[in-house]
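The following explanation leads through selected residues and two chain contacts. Please keep the sequence and the model in view while reading.

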Amino acid sequence: MPEALLRPFIRLGHSVVSGIWRLGFASRFLGAILMMSGATFRRPALLMREIYFSGVLSLIIILVSGLFVGMVLALHGYDTLSRYGSEEWLGVLVALSLTRELGPVLAGLLFASRAGSAITAEIGLMKATEQLSAMAMMAVNPVARVVAPRFWGGVIAMPLLAAMFSAMGVLGGYLVGVVQIGVDPGSFWSQMQSQVDVERDILAGVIKSVVFGFAVALIAVFEGYDSEATAEGVSRATTRTVVTSALVILGLDFILTAFLF
Amino acid sequence: MKRTTIDLWVGIFVALGIASLFFLAVQVGNLRGTEIVEPYELQARFDNIGGLKPRAPVRSAGVVVGRVHHIDYDSERFQAVVVMNIDHRYSFPKDTFATINTSGLLGEQYIGMEPGGDEALLQPGDTMIKTQSAVVLEKLISQFMFNKAAEGAAPK
Amino acid sequence: MTSPSPDLAPVVDIRDLHFRYDARDVLRGINMRVPRGKVVAIMGGSGCGKTTLMRLIGGQLRPRGGELKVFGESIADINRERLYDLRRRMGMLFQFGALFTDMSVYDNVAFPLHEHTDLPEELIRDLVLMKLHAVGLRGAAHLMPNELSGGMARRVALARTIALDPQLIMYDEPFTGLDPISLSVIGQLIRRLNDALGASSIVVTHDVQESLQIVDYIYFVSEGRIAAEGTPDEIRASTDPWVHQFVWGESDGPVPFQYPARPYREALLGSADA
């Protein structure tokens, strides 16, 4: 009987302990990646390939999503602002929402599900099919050869994608607000320029996207490397990458917003 | 996938990313035109600054000539001390009148500079003496309402 | 056997080796020797620890006790750089080849050459085609791994394994899942490459008949210990009941059909808690 009562606590304790263990393992893993990154930057071909896979292949989804998010923001924003007769603030609303918040966060979420999951699946599959062991037996360190380039590829691609997302969003807002609804283009841009600050709003957004890039890239390579070497293990690791990335992005977003703004 | 194809695409990708950052900085942000070059410092004391914030623009005849650097409180005179950076290209007479204005009914607050006729110019670090505080909307409204009430009461 | 000359020292020398996963003892005192130039087979039932033994030799696992020397160096005591130096002199063929799926056959074989040498591209090309020719797949250089059959994939992996002319080649279950023709092709390649490269080979397998034809010496591993050893002729002639059961593939004998359990009658009639 007492054992049945204790079981939830045992389970809780177990998950806390294993969570802490994984956190420690992930930070040691990050240390190993950083130590072995020298080789990555000495071989640009490897890095190019990874920027291609996580950046270029995410381009379409990022550009299209950014455009639509900007258009929706303009529609909603116009609806609300026109009640107070301040339509000229539409540009400010669209630009601030995108550069401070939606650009980095949505681009990060899309990046995690498009590129992060692909990185996890690829590394997990290489582990399951013993490609990583084979590489290690050929005296080639898999962390240096496989993990580090994918990590840095993600870290480099993410801020660029977030910037493209925000830029496309502003264009989308312009299309709906100015071209379709007919807000004055002069006040759309000039209000935006007078209210959006390069350091406080745009740079802060870029900092956010860099942090998200690091987080998602680390989660993706770690989950792949740590996945169970079976087909089921790889699929579970892929799911975990997307879920963990989403939670970490939103959590970090809160912390960064509190510190940056 | 050929090596050159990958390089080409990555090149396009990075160029697009940098173009986007440039677009955000120049077209969306205020990096262009309003840069304050080699600023010098001026001070002004106000009884009430309302909602004035650091980095708010300083305008003269509608042109941005500087920005508010920081705002202090003088606990001896119980006044706000606004320190602003003015572009070195612009200089103002000693008797320049500094006011706190609002752009539009609900817009941001800024400092307006109305130059007087003095021959002597304000030197870096000088304090402007003639100032007008921010208009506080609540005070204005309550004043208006009292006046109306007084008008309404008088004829009877 | 105990000659001081390094040339005659065995490539792999194992004494009283112990290893455990968590609480489970996998190896309990293995003694084994792989002499230079010989092909040695490690045999045993599934799960007897023979793959573990090979991973220990390759330095992927660290022993818990005993002595394990490869090329005269104790694997347990060297750092990562030294281990990687040793691994450049080893080649390991994984069970299903473990080809890099995002590279062509050519790039797979060229991989160790690109990683470890600064040879000009033309020379690498010649070497790759030579290695592929040795396994009979020079014509498949442009194919991707997913276009290969299981036997071909393993031959490509073998070409990759020997790309740097290793002195010790290890094969993890090289015969599993192959048709009889591919199986004998791989068997012949193991023997031929060993002799051509002047290397030593370790073949982990449970395919008795194929191994008996190509190897010089056989170790039988059972329950973490060496159960029997000898040349193929000695093994065939062995009267040891355990070896007899294994070589002739009898389902019951010293190795019981049943996994150890409580008596059947008790399990059926007894209480539910196990």
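B:Gln109 counts as buried, because its relative accessibility is 15% and buried means under 20% relative accessible area, exposed over 50% and partly exposed in between (1.4 Å probe, protein chains only). The model is a predicted one, in which local features need pLDDT of at least 70 and side-chain atom pairs count only at pLDDT 80 or more, whereas totals for chains, interfaces and linings use all residues. Residues are numbered from 1 along each chain as its sequence is written, chains are lettered from A and ligands numbered from 1 in the order in which they are written, and side-chain values use heavy atoms, with hydrogens and water left out.

B:Gln109 belongs to strand E6 of chain B, residues 109-114; helices (H or I, at least four residues) and strands (E, at least two) are DSSP runs numbered from the N terminus. Leaving aside residues up to four places away in sequence, B:Gln109 touches, among others, B:Ile49, B:Leu52, B:Pro57, B:Ile100, B:Thr102 and B:Ala134, contact meaning heavy atoms within 4.5 Å. With B:Thr102 there is a polar contact between the two side chains, at 3.4 Å. A polar atom of the B:Gln109 side chain also lies 3.2 Å from the backbone nitrogen of B:Leu52. A polar contact is a pair of N or O atoms within 3.5 Å; within protein, one must be able to donate a hydrogen and the other to accept it, and residues adjacent in sequence count only if both atoms are side-chain atoms.

In chain A, A:Ala139 is placed in the loop between helix H6 (131-137) and helix H7 (142-181). Its phi is near 65°, a positive value in a residue other than glycine, and A:Ala139 is buried, with a relative accessible area of 6%. In chain C, C:Asp165 lies in the loop between helix H5 (150-161) and strand E7 (168-172). C:Asp165 is not a glycine either, yet has a positive phi of about 50°; at 44% relative accessibility, C:Asp165 counts as partly exposed.

The discussion now turns to the interfaces. The size of an interface is often given as the accessible area lost when the parts come together. Here, buried area is the accessible area (1.4 Å probe) that two parts lose on being put together, summed over both.

Chain B and chain A bury about 2400 Å² between them, with 77% of it on carbon and sulfur atoms. In chain B, the residues that lose the most area to chain A are B:Phe13, B:Leu24 and B:Val28, together 27% of what that side buries. The contact joins 26 residues of chain B to 30 residues of chain A. Across this interface there are zero salt bridges, a salt bridge being a side-chain nitrogen of Lys or Arg within 4 Å of a carboxyl oxygen of Asp or Glu. One residue pair is in polar contact (both at pLDDT 80 or more).

Chain C and chain A bury about 1700 Å² between them, 58% of it on carbon and sulfur atoms. C:Tyr84, C:Phe100 and C:Glu115 supply 27% of the area that chain C buries against chain A, more than any other three residues. Four salt bridges cross the interface of chain C and chain A. C:Glu115 forms a salt bridge with A:Arg145, in which the closest N and O atoms are 2.6 Å apart.
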